[in-house]
Amino acid sequence: MSENMINVPTMADLAAKGLTPEILFWVGCAGSFDERAKSITAAFVKILNKLSVNFAVLGTEESCTGEPAKRAGNEFLFQVQAVSNIEVMNAYGIKKIVTACPHCFNTIKNEYPELGGNYEVLHHSEFLQQLINEGKIKLQGGGEFKGKKITYHDSCYLGRSNNIYEAPRKVLEILDAELVEMKRSRTKGLCCGAGGAQMFKEPEPGFKDINIERTEEAIETGAKVIAAACPFCMTMLSDGVKNKEKESDIKVYDIAELIAKYEGL
Amino acid sequence: MEFLPQVIFLLLLSASGFFITKSILRIRRNILLGRDINRYDRPGERLKMMTLVALGQKKMFKRPLPAILHLFVYVGFIIINIEVLEIIIDGLFGTHRIFAPVFKGLYPSLINIFEFLAISVLVSCAIFLVRRNIIKVKRFDGEEMKRWPKLDANIILSIEIFLMICFLSMNTSDGILQTRGSEHYIATGDFFFTGFLKPLFNGLDNSELIFIERFGWWAHIIGILAFAMYVFTDSKHLHIFIAFPNTYFSKLDPAGRLSNMPEVTKEVKLMLNLPVDAGNDNAAPGRFGAKDVQDLTWKNLMEAYSCTECGRCTSQCPANLTGKKLSPRKIMMDTRDRLEEVGRNIEEKGKDHQDGKSLLGDYITVEEIMACTTCNACVEACPVNIDPVSIILQLRRFKIMEESQAPASWNGMFSNIENNFAPWKFSPSDRLNWVQKLNQ
Ligand code: SF4
Ligand code: SF4
């Protein structure tokens with residue numbers, strides 16, 4: 001039993017033992033609290049654990065990056081969050097951060113350095129791609145996604161914001177599935193509708209919700225799996241699929257969940 | 001009397017030169033009303049960006065058909081300037097085709113290139129007119145494209161067609177006069193393209209041909225001077241010049257990086273009892289965010305002048321595509337219109353005149369800026385590297401930080417972050433509860 005128990009070390013635990021992990025896994029608010037996103041966090045940790053990656057989380061010392069506040073225009077609140085987080089991370093001497101949230105990723109990577117937070121920041125798609133390149137995650141043939149149609153939804157904060165288009169697609173390749181692209185993809189990918197703090201309010205009046213438009217495009221590909229790489233996209237697309245009453249035959253998964261399933265975790 | 005045409009020519013040339021210089025200074029003054037922003041670093045990268053995007057039209061090629069047509073008009077415009085140089089010299093010195101003896105045997109080939117370009121410009125502009133007015137390509141339509149912007153586009157295309165017709169009829173009649181050995185019309189060798197047009201004019205006698213040739217010549221050059229002045233008035237055609245500095249001063253950071261406000265950093269550090277960088281001391285707080293054009297950066301304002309009103313941004317905007325009022329093109333056009341208005345106020349009523357209007361409120365509504373998902377699709381789509389998100393964010397900052405007018409659910413999100421350190425109302429002590437999912 002105890003060998004199946006996965007241990008999640010916190011920075012504080014390790015510091016007490018005089019240890020510093022190689023990587024800080026930044027879980028993010030969605031990954032910590034949102035029911036659906038918690039499964040993504042769990043899947044990613046299972047992968048880290050299986051591959052014996054030396055990591056830790058901040059646990060209760062983690063706090064919102066301030067991203068939604070900044071995009072909503074509340075720069076003051078953003079910087080309070082940012083500066084406090086940077087204080088905590090610098091105190092632990094953190095060098096390298098991996099996160100499954102493109103919003104946290106973009107903010108820590110691009111907006112924290114000016115405020116004194118300089119780290120190597122990776123999105124989990126990049127990190128998983130590295131593990132694949134290093135041969136730690138291997139193509140085994142077979143698996144439940146072999147030959148199945150999967151479509152990948154580009155998150156704006158990975159794609160256009162940070163030019164990460166290929167890493168998540170490379171990760172999906174290992175599944176040996178048939179990767180189909182939506183009408184709008186890569187640089188032309190359509191937003192899920194959640195960015196810019198839209199996640200936290202009702203949309204302005206219009207004739208359609210953005211996530212419905214995007215979900216329709218995903219459904220048009222005929223894929224039975226929509227792969228996402230962002231907890232906000234996950235929410236928007238899952239809601240879209242529900243709205244279209246397709247939740248029994250179309251599943252939305254994060255790329256980490258797909259890899260965890262593939263690895264039998 | 002003999003010199004009268006030359007004198008008239010010189011007067012026209014000086015008048016347009018004067019007008020253009022004044023307009024450039026006006027535009028420069030308006031742009032410099034904006035706040036400073038450091039876009040002077042990394043000159044090598046900037047030069048490369050300008051070469052690729054402005055000179056090389058890189059981003060235009062995301063849509064191949066308009067890109068090729070636009071390229072014809074663009075190359076035509078640049079190359080035909082050599083021909084304009086000849087016209088100016090001839091005009092000032094009373095000569096005729098002064099380059100013919102200089103380039104000798106090459107001259108007809110040179111003219112043939114100009115004629116080919118003239119025809120491709122003419123055809124491209126005609127196709128553009130059809131796309132706008134008959135096929136009604138969707139992205140040329142929209143709330144902000146009524147009246148003047150619509151007329152502006154049609155004027156530009158029509159003038160270009162008119163100029164090309166003048167040029168071609170001038171060459172056709174010149175060619176016939178040359179073969180007839182008319183005095184003044186020195187033989188330069190055959191012109192290939194207008195050779196085909198000769199039958200149209202063959203029945204005319206020499207004086208009629210000379211009239212057409214002279215009319216074509218004068219109309220062509222007056223048209224060019226007038227067009228050059230027009231570009232610097234209130235036309236989107238300004239992009240042909242300002243696209244160069246505009247792409248040079250592009251944001252080189254990843255698109256996802258939104259600027260941090262240094263004046264806020266200082267206050268935050270003081271509040272958290274952290275050491276404040278000495279350099280930050282003189283960052284005057286002023287206004288948080290932007291209410292009017294002067295609160296934006298000079299780069300935002302330069303972008304407003306660079307907008308070609310092509311609508312590529314709006315056609316990719318998820319908010320606009322789903323019927324929201326937001327249109328990134330409108331954001332840019334409103335910024336320009338308001339800036340021009342502020343500029344006119346300065347000229348007519350003095351530097352400190354307040355007209356009681358502002359960009360946010362009188363031009364751009366809160367409903368528009370609230371709909372943006374900061375997805376950067378507009379930035380990616382823009383052929384001249386315009387960044388509407390930067391303006392939208394600064395307007396939001398004003399609304400939230402100065403006026404404290406956020407939608408209620410955003411206020412909820414803010415207070416959750418403040419009190420619970422997450423945008424949702426969860427207890428911070430539950431942050432690690434997801435671990436239970438691991439061992440389920
Ligand atoms: S960043 Fe905002 S304005 Fe630009 S395309 Fe996306 S939603 Fe529209
Ligand atoms: S901002 Fe750029 S893409 Fe949008 S209309 Fe202007 S030039 Fe075109």
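Tutor: Helix α3(B) supplies the largest share of the lining of the second largest pocket, 11 residues. Before we go on, this is a predicted model, in which local features need pLDDT of at least 70 and side-chain atom pairs count only at pLDDT 80 or more, while totals for chains, interfaces and linings use all residues. Residues are numbered from 1 along each chain as its sequence is written, chains are lettered from A and ligands numbered from 1 in the order in which they are written, and side-chain values use heavy atoms, with hydrogens and water left out.

Student: What makes a residue part of the lining of a pocket?
Tutor: A lining residue has an atom within 4 Å of a pocket point; on a 1 Å grid over the protein atoms alone, a pocket is an open set of points where a 1.4 Å probe fits, with protein on both sides within 12 Å along at least five of seven lines. For the second largest pocket, 48 residues line it, and B:V73, B:E160, B:H237, B:H239 and B:I240 lie nearest its centre. Its volume, the space filled by probe spheres set on the points, is about 1,200 Å³. Helices that each supply at least two lining residues include α2 (43–55), α3 (64–93) and α5 (106–133) of chain B. The helices I name are DSSP runs of H or I with at least four residues, the strands are runs of E with at least two, and both are numbered from the N terminus.

Student: Why is the contact of B:R397 with A:E75 called a salt bridge?
Tutor: A salt bridge is a side-chain nitrogen of Lys or Arg within 4 Å of a carboxyl oxygen of Asp or Glu. The closest N and O atoms of B:R397 and A:E75 are 3.1 Å apart, so the pair qualifies. Over all chains, the search finds 44 salt bridges.

Student: How do you know that B:R397 and A:E75 are buried?
Tutor: Buried means under 20% relative accessible area, exposed over 50%, and partly exposed in between (1.4 Å probe, protein chains only). B:R397 is at 3% and A:E75 at 0%, so both count as buried.

Student: What makes A:R184 and A:E217 a salt bridge, and where do they lie?
Tutor: Their N to O distance is 2.5 Å, which meets the salt-bridge cut-off. A:R184 is in the loop between β6 (178–180) and α10 (210–220) of chain A, whereas A:E217 is in helix α10 of chain A, 33 residues apart. With relative accessibility of 16%, A:R184 counts as buried, and A:E217, at 3%, is buried as well. Through shared partners, salt bridges join A:R184, A:K208, A:E213, A:R214, A:E216, A:E217 and A:K244 into one network.

Student: How do you know that β7 and β8 of chain A pair?
Tutor: Two strands pair if DSSP finds at least two bridges between them. Four bridges join β7 (residues 225–228) to β8(A), so the two strands are paired, and they run parallel. In this pairing, A:I226 stands opposite A:V252 in β8(A).

Student: What makes β6 and β8 of chain A edge strands?
Tutor: The open sheet has four strands in the order β6-β5-β7-β8 (chain A), with parallel pairing. β6 and β8 (251–254) each have a single partner strand, so one side of each is left without a neighbour in the sheet.
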